[in-house]
Amino acid sequence: KAVITVSPNIAKAYTERYGVDPVWLVRNVPHKSVSPDKKDIFRTRFNIPDNEPVFLYQGAFTYNRGLEEALQAFKDVSGAHLVCMGYGIFQKVVEEAARDFGNIHFMPAVPYNEVLNHTASADVGLLSVRPTCLSYLFCLPNKLFEYIQAGIPILSNDLPDCRKIIEDYNIGWVLNEFTAESLKVAVNNLKQQDLNVFKKGLQDAQNDLHWEREEKVLFDLYKEVIWPK
């Protein structure tokens, strides 16, 4: 009766490959946040100095998410911290890195209603999905929108639908390649950058990209399927 997907390029691929028209786009956006105030959960828990930026890897500790590159990069970075918040098959790898390096920290996953307060405790969110298949290349992951609702800029791999949002709203940086070396260079460059330049874009994105608006698409779809004109 209807086809729903989560990003514009996946919708386009379904139309081109299978002739599905329309494809309904319902993105994985969280509920609107009343712009959580800047928190210090990570700085307090891990004793991170105020003048050293916190980069957040949020989500599954698994393959093809850029976690290995992030860990490797921060082993060679000083004056900046990586917090890995989540769980998965690479959890022991994260815990070992946290034991061996003072600027890498493991944070266990938290309940959904606590995610944004923790996310807002970081300065920059990492979006590092590796485009090993079309599903990953065309992804629009939850964490992108969680970073937005938490009010923190994003450092992303080059994924077309993610790039469009980041560039349209001016809310972060996109790396042409996501390697340990390129990430290390980016982190060192960003340590001195004034993140307030992204404040207006983040506020605009927060107002546009939230579930209270996105759910209307789903309601319209249900109405059309259940009560067609």
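What follows is a short chat about this structure.

Reader: What kind of model is it, and what are the cut-offs?

Author: This is a predicted model, where local features need pLDDT of at least 70 and side-chain atom pairs count only at pLDDT 80 or more, while totals for chains, interfaces and linings use all residues. Residues are numbered from 1 along each chain as its sequence is written, and side-chain values use heavy atoms, with hydrogens and water left out.

Reader: Sheet first. What is the strand order?

Author: The order is β5-β4-β3-β6-β7-β8, an open sheet of 6 strands with parallel pairing. Strands here are DSSP E runs of at least two residues, and helices are H or I runs of at least four, numbered from the N terminus. Two strands pair if DSSP finds at least two bridges between them.

Reader: Which strands stand at the edges?

Author: β5 (104–108) and β8 (172–174) do. Each has a single partner strand, so one side of each is left without a neighbour in the sheet. The twist averages 20° from one strand to the next.

Reader: How many bridges are there between β7 and β8?

Author: Strand β7 (residues 154–156) pairs with β8 in the parallel sense over 3 bridges. L155 has W173 in β8 as its bridge partner.

Reader: Which helices lie on the sheet?

Author: Among them is helix α7 (residues 142–150), which lies across β3 (54–60), β6 and β7 and runs at about 140° to β3. Helix α9 (residues 180–190) also packs on the sheet, touching β3, β6, β7 and β8, and its direction makes about 160° with that of β7. Contact means heavy atoms within 4.5 Å. Axes are lines fitted to C-alpha atoms, for helices over the stretch in contact, with angles from 0 to 180 degrees between N-to-C directions.

Reader: Which residues of α9 are buried?

Author: S182, L183, K184, A186, V187 and L190. Buried means under 20% relative accessible area, exposed over 50%, and partly exposed in between, using a 1.4 Å probe and protein chains only. The buried residues of α9 pack against β3, α3, β6, β7 and β8.

Reader: Switching to charges. How many salt bridges are there?

Author: The count comes to 9 salt bridges, each being a side-chain nitrogen of Lys or Arg within 4 Å of a carboxyl oxygen of Asp or Glu. One of these joins R130 and E69, at 3.6 Å from N to O.

Reader: Where do R130 and E69 lie?

Author: R130 is in the loop between β6 (124–127) and α6 (134–137), and E69 is in helix α3 (residues 67–75), so the pair ties together parts that are 61 residues apart in sequence. R130 is partly exposed at 33% relative accessibility, whereas E69 is buried at 16%.

Reader: What about R163?

Author: R163 forms a salt bridge with D158, with the closest N and O atoms 2.8 Å apart. R163 is partly exposed at 21%, and D158 is partly exposed at 28%. A separate pair is R213 with D208, at 3.3 Å between the closest N and O atoms. Shared partners join the salt bridges of D158, R163 and E167 into one network.

Reader: Now rings. How many aromatic pairs?

Author: There are 6 aromatic pairs. Rings of Phe, Tyr and Trp (its six-membered ring) pair if their centres lie within 6.5 Å; planes under 30 degrees apart count as stacked, over 60 as edge-to-face and the rest as tilted. Y14 and Y18 form a tilted pair, 6.1 Å centre to centre with 55° between the planes. They are 4 residues apart in helix α1 (residues 8–18), a separation of about one helical turn.

Reader: Is Y18 buried or exposed?

Author: Y18 is exposed, with a relative accessible area of 55%, while Y14 is partly exposed at 31%. Y63 and F90 make an edge-to-face pair, 4.9 Å centre to centre and 75° between the planes.

Reader: What sits over the ring of Y57?

Author: The charged end of K143, 4.6 Å from the ring centre. The rule asks for NZ of Lys or CZ of Arg within 6 Å of the ring centre and within 35 degrees of the ring normal. Y57 also forms one aromatic cluster with F61 and F106.

Reader: And the backbone. Where is the cis peptide bond?

Author: From D21 to P22, with omega near 5°. P22 is in the loop between α1 and β2 (24–25). As for positive phi, N64 has about 60° although it is not a glycine, and N64 lies in the loop between β3 and α3. N170 has a positive phi near 55° and is in the loop between α8 (160–169) and β8.
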